[in-house]
Amino acid sequence: MDLRNFVRLGRKIVAVGRNYREHAAELGNPVPTTPLLFLKPTTSYIEEGASVEIPAHTSDVHHEVELAIVIGKKCSRVSEDSAMDYVGGYALALDMTARDLQGAAKKSGKPWSVSKGFDTFCPVSKLLTREQVPDPGQLSLWLDVDGTRRQRGHTKDMIFSVPYLLSYISEVMTLEPGDLVLTGTPEGVGPVKAGQTITAGLDKIVEIKFPVRARDS
């Protein structure tokens, strides 16, 4: 399998919520003691050249910049010690979130799927090789909106490390080649509006840019 095509080949996107203490705090959420998992549909993928679309259903779409893991081979019930053997590469990703819909769902005890699952709500970079990212725990992340820095973080501050996450997730569900794991976002999440541009980066390895527009009715 050519993992450069992970957007078209992967079968699921597994996301981790509240994996940075400061982000949990800024939203008034408790820090989890075990990974908080949710899914995004693969139809939410977009690559550079496309736009993040704000649907009419929401008036409060937030950006969340994240390190993403691209699975390289079938990963089921693996140990933390062997977990990195299943990493095929990495990507920089945005977990776009309809915060108003998420808040309403949380308040009523319902799932978050709608708030996370709109088309265009998972912008991603090209595949980054393991050689480009020798240590996923030593990376800086940043995100700007119209040239203003909104998010700045470091993967060393993740509550649950990449090996721990892969081991934990693989005990719940089998990860398959091309699947994507979003590892959580640092503090500084906030709203974006139609007409703005999101730019994000991972160290000096990659930079991505996505314009934001209203979805056509």
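Predicted model: local features only at pLDDT ≥ 70, side-chain atom pairs only at ≥ 80, totals over all residues.
Contact here means heavy atoms within 4.5 Å. An α-helix has 3.6 residues a turn, so residues three or four places apart point the same way.

Setting aside neighbours within four places in sequence, Leu166 is in contact with Ile69, Ile71, Cys75, Val78, Ala83, Val87, Leu175 and Val181.

Which residues have the most contacts inside the largest nonpolar core? They are Leu94 and Leu166, in a core of 45 residues.

As background, nonpolar side chains in soluble globular proteins tend to be buried together.

## β14 and its two partners

Now for β14. Of its 6 residues, 5 are buried, so β14 is largely enclosed by the rest of the structure. β14 runs antiparallel to β10, and 5 bridges join the two. On its other listed pairing, β14 goes with β15, again in the antiparallel sense, over 6 bridges.

Leu202 turns up in both pairings: Leu141 stands opposite Leu202 of β14, and Val206 in β15 is the bridge partner of Leu202. The hairpin of β14 and β15 has 3 residues between the strands, and Asp203 in this hairpin takes a positive phi near 45 degrees.

## Positive phi in two loops

Arg18 has phi near 55 degrees and sits in the loop between β1 (13–17) and α2 (21–26). Is Arg18 buried or exposed? Its relative accessibility is 17%, and the cut-off for buried is under 20%, so Arg18 counts as buried.

Asp146 has phi near 50 degrees and belongs to the loop between β10 (140–145) and β11 (148–154). Because its relative accessibility is 47%, Asp146 counts as partly exposed.

## The cavity

How many cavities of 30 Å³ or more does the structure hold? There is 1, and the largest cavity has about 120 Å³ of space. Its lining takes in 18 residues, with Gly17, Arg18, His23, Gln102 and Trp112 lying nearest the centre.

As for the elements around the cavity, β1, α2 and α3 (99–108) each supply at least two lining residues. The most comes from α3, with 3 residues. By type, the lining splits into 5 nonpolar, 6 polar and 7 charged residues.

Key
Residues numbered from 1 in each chain as written. Heavy atoms only, no water. Helix = DSSP H or I, 4+ residues; strand = E, 2+ residues; numbered from the N terminus. Buried < 20%, exposed > 50% of the residue type's maximum accessible area, 1.4 Å probe, protein only. Core = buried A, V, L, I, M, F, W, Y, C linked by side-chain atoms within 4.5 Å. Pairing = 2+ DSSP bridges. 1 Å grid on protein atoms, 1.4 Å probe; cavity = no way out; pocket = protein on both sides within 12 Å on 5 of 7 lines; lining within 4 Å. Points joined across faces, edges and corners; volume = space filled by probe spheres on them. Nonpolar A, V, L, I, M, F, W, Y, C, P; charged D, E, K, R; others polar.
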